[in-house]
There are 2 protein chains.
Amino acid sequence: MISLQQLEKEVKPIQTYYKSATYSKQVVSYPERDIPTDATFHYKELAAKKHSEAERRRRLRINGQYATLRTILPNLVKTDKASVLEETIKSVRELQKTVKELKTEGRDRHKCEFPNEVNELNLSYSNGDGGLVKATLSCEDKPGLLSDIGRALSSVKATVLKVEMATVGGRIKCELLIQGFKGNEGMVILKRALKIVIDKPSLPGNYGKKICFYK
Amino acid sequence: MISLQQLEKEVKPIQTYYKSATYSKQVVSYPERDIPTDATFHYKELAAKKHSEAERRRRLRINGQYATLRTILPNLVKTDKASVLEETIKSVRELQKTVKELKTEGRDRHKCEFPNEVNELNLSYSNGDGGLVKATLSCEDKPGLLSDIGRALSSVKATVLKVEMATVGGRIKCELLIQGFKGNEGMVILKRALKIVIDKPSLPGNYGKKICFYK
DNA sequence: ATGGACACGTGATGC
DNA sequence: TGCATCACGTGTCCA
């Protein structure tokens, strides 16, 4: 195989041709991709053509990726290359954040599902409207617990929107979404009542022991 | 305002200068961005410089975004432009899929947390090893339910690994992860025992009614 | 007419 | 050496 450099030396006199403005203009504007058959053909031109075509393939590949990105990106208004990249970056960051949140939310929920080892009682406003209150409590599972909680709630004329409960190892965790308080004094009364409920010792030979599923 | 075309005609003799290889080389390698003050200055060169600098800013913007992508993409081995785009596409698709899965999973979990309106009892092998069995049941909440379930479990010498419970509107949903069966006959016995438990009518003036939180 | 966006060919660099 | 990638300036089209 003969090298391009050697060939270049042999055809050096012709260099003036392909360095001329005419040739350059021709190649730059509308490159002839067919192999020329006349006497002006030489191997350096072939190398340049190979080079430009390789570059063209590279551009094609990259532009293909841009096209792909344009299809998979939602909310893409400007299809500009820079805009595509910008929107891509925004999307990736947003998605990463969302995934992180959803995963930790799942983990938190999972964590939240297990009762605390020590008795726990928390009341907090869930959000502003309607006086919604979220109550979270952990205590030993024992007979009459649910009815005691129910009585505590009705003592403040509260309505329960949602209840979630989990029992593990003889202990219980309960989340209540409550509404209908008459002012803040209701919360105080409810808190005292619930506190008594969860701290009330279970009877000897207690029910809680009996329903402990774990050996 | 004088047009660039007109200016070009006036300074045509100088075209040979900025089209020369020397100038071209100089500009390509280390372009002088300061406005030249000598006699070689002319407006077409200014226009070309403006154009090239605008193009340079565009490249800079795009390359900056590539750099950003390189920083936020995990598992990026080749920092190649095409590779960056490829990895980006893969990441976006993967993240979108993950988000979708996590959201539907959350929805499914949420659905699963609410007790069924009709009594329900399902036993299924959770996975192959250790004879793990998942039991799902929905029934009316009533006094002694948990202890009844506990007794049913101990009757087949089963150990509970995990319990999840939800109570809504006086009904209860319970998921048990159980192990320790002696063969399949244990499952049959357990299923019968649980069936009796969940179908057992609550006593008159029942406990279940009392603990119904909803008005 | 002016700036933005794009494709192109080319020289340079690294493996 | 050849091959791939990159930055650059330029010509061209469009709003």
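**Close-up 1. A:Val156 and the residues around it in the predicted model.** Leaving aside neighbours within four places in sequence, A:Val156 is in contact with A:Gly180, A:Phe181, A:Gly186, A:Ile189 and A:Leu190 (contact means heavy atoms within 4.5 Å). You'll find A:Val156 in the loop between helix 6 (145–155) and strand 3 (159–168) of chain A. Helices (H or I, at least four residues) and strands (E, at least two) are DSSP runs, numbered from the N terminus. With a relative accessibility of 7%, A:Val156 counts as buried; buried is under 20% relative accessible area, exposed is over 50%, and partly exposed is in between (1.4 Å probe, protein chains only).

Residues are numbered from 1 along each chain as its sequence is written, chains are lettered from A and ligands numbered from 1 in the order in which they are written, and side-chain values use heavy atoms, with hydrogens and water left out.

Close-up 2. In chain A, strand 2 (residues 132–140) has seven of its nine residues buried, so it is largely enclosed by the rest of the structure. Strand 2 of chain A runs antiparallel to strand 4 (residues 171–179) of chain A, and eight bridges join them; two strands pair if DSSP finds at least two bridges between them. One spot to look for is A:Val133, whose bridge partner in strand 4 of chain A is A:Ile178. Over in chain B, seven of the nine residues of strand 2 (residues 132–140) are buried, so that strand is largely enclosed by the rest of the structure. Strand 2 of chain B pairs with strand 4 (residues 171–179) of chain B in the antiparallel sense, over eight bridges. There, B:Glu140 stands opposite B:Arg171 of strand 4.

**Close-up 3. B:Leu137 and the nonpolar cores.** A nonpolar core here is a set of buried Ala, Val, Leu, Ile, Met, Phe, Trp, Tyr and Cys residues joined through side-chain atoms within 4.5 Å. The largest one holds 52 residues, and A:Leu137, A:Leu190, B:Leu137 and B:Leu190 touch the most other members. Apart from that core lies another, of 28 residues, among them A:Leu76, A:Leu85, A:Leu102 and B:Val92. Zoom in on B:Leu137 and, not counting residues up to four places away in sequence, its contacts include B:Leu121, B:Ile149, B:Ile172, B:Leu176, B:Leu194 and B:Ile198.

**Close-up 4. Helix 6 of chain B.** Helix 6 (residues 145–155) of chain B is mostly covered, with eight of its eleven residues buried. The buried ones include B:Leu146, B:Ile149, B:Ala152 and B:Leu153. Just after the helix, B:Lys157 takes a positive phi of about 55 degrees.

Close-up 5. A salt bridge is a side-chain nitrogen of Lys or Arg within 4 Å of a carboxyl oxygen of Asp or Glu, and a search of the whole structure finds twelve of them over all chains. A:Glu87 forms one with A:Lys90, the closest N and O atoms being 3.5 Å apart. Being three residues apart in helix 5 (residues 81–112) of chain A, these two are separated by about one helical turn. A:Glu87 is buried, at 14% relative accessible area, whereas A:Lys90 is partly exposed, at 49%. In chain B, B:Glu55 pairs up with B:Arg58 in a salt bridge, with the closest N and O atoms 2.9 Å apart; both lie in helix 4 (residues 43–72) of chain B. B:Glu55 is partly exposed, at 30%, and B:Arg58 is partly exposed too, at 34%.

Close-up 6. pLDDT is the predictor's confidence in each residue, from 0 to 100. The mean for chain A is 71, and 63% of its residues reach 70 or more. Confidence in chain A is lowest in helix 2 (residues 15–18), at a mean of 30, and highest in helix 4 (residues 43–72), at 92. Over residues 1–37 of chain A the pLDDT is below 50. Where pLDDT is low, the predicted coordinates should not be read in detail.

Key. This is a predicted model: local features need pLDDT of at least 70, side-chain atom pairs count only at pLDDT 80 or more; totals for chains, interfaces and linings use all residues.
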